[in-house]
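Morning, everyone. Please have a look at the model on the screen, and then I'll walk you through it.

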Amino acid sequence: TTAAVTIPVVVHVLYRTSTENVSDAQVQAQIDVLNQDFAKTNTDASLIPAAFAGLAANTNVQFALAKRTPTGGATNGIIHKVTKVTSWSSNDAVKNSKRGGDDAWDATKYLNIWVCNLGQGLLGYAQFPGGSTTTDGVVVLYSSLPGGSAAPYNKGRTATHEVGHYLNLRHIWGDASCGNDLVSDTPTQQTSNYGCPTFPKVTCSNGPNGDMFMNYMDYTDDACMYMFSNGQSSRMNALFATGGARVGL
Ligand code: ARG
Ligand code: ZN
Ligand code: CA
């Protein structure tokens, strides 16, 4: 068992058009999805196949929009900033005010989430623990927020997936054929899954239950991913133990 951790979050909304300027309510809806998914209070947890239900985790990690700025001022934890940039890539420009983005708040104290118009079909990207504080955090496509237009990726699970990376989780297929994700209770699987597979999907001799394709760290549709495993939860929570990489949050 692990003590609950609540991570202060600052959301940087970078927009050129009014559509890209997502509302505070939509940002809060995204925080709500994160909290449900990480606590296993997501309503679709009921869809987890019985064979995997015992492995599904309440991670005890929670998220709250920041109430104080780094200098102690009042804030609602959401920054809306206009930009001339029409579309962003994974080159971290969105995290830099000098490049039309917005600088990170102290990443040892806050989870920084940038919401912007990512190009090239990119839904999101994240930085693993241990990297530069100036680029630490996650970036998500504005239309991937709950109720956005990026169907079938518009239920806020892109942020869930990216925060999984931010908390040290690898893709469930280990980014290799029958690769290793460094988590023992997630079955080894051949590659990423897309869409909404039918259970069981056996690969890499992982029968009878097959791939855990409903895991947030796969590439399935938002409506078809609804669990972290206990092993993934342990890996994330290790970051908050003494000496862990995210202990200051
Ligand atoms: N492709 C992205 C990544 O590797 C995000 C995938 C998110 N999937 C989803 N169903 N929202 O980080
Ligand atoms: Zn990923
Ligand atoms: Ca595994």
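I'll take a helix, a ligand shell and one aspartate.

This is a predicted model: local features need pLDDT of at least 70, side-chain atom pairs count only at pLDDT 80 or more, and totals for chains, interfaces and linings use all residues. Residues are numbered from 1 along each chain as its sequence is written, and chains are lettered from A and ligands numbered from 1 in the order in which they are written.

Helix 1 covers residues 24–39. Helices are DSSP runs of H or I, at least four residues, and strands are runs of E, at least two, numbered from the N terminus. Which residues of helix 1 are buried? Val27, Gln30, Ile31, Val33, Leu34, Asp37 and Phe38. Buried means 20 or more other C-beta atoms within 10 Å of the residue's own, placed from the backbone. Lysine 40 follows helix 1, with a positive phi near 60°.

Now ligand 1. Its shell has 13 residues; the closest are Leu123, Tyr153, Arg157, Thr158 and His161. The cut-off is a C-beta atom, placed from the backbone, within 6 Å of the molecule. Helix 3 gives the most, 4 residues.

Last, aspartate 181. This residue sits in the loop between helix 3 (157–166) and helix 4 (230–237). Aspartate 181 is buried, with 24 other C-beta atoms within 10 Å. Histidine 171 is 10 residues away in sequence, and 6.3 Å away in space, C-alpha to C-alpha.

Technical notes. Buried ≥ 20, exposed ≤ 12 C-beta atoms within 10 Å, placed from the backbone. Expected span 1.5 Å × (residues − 1).
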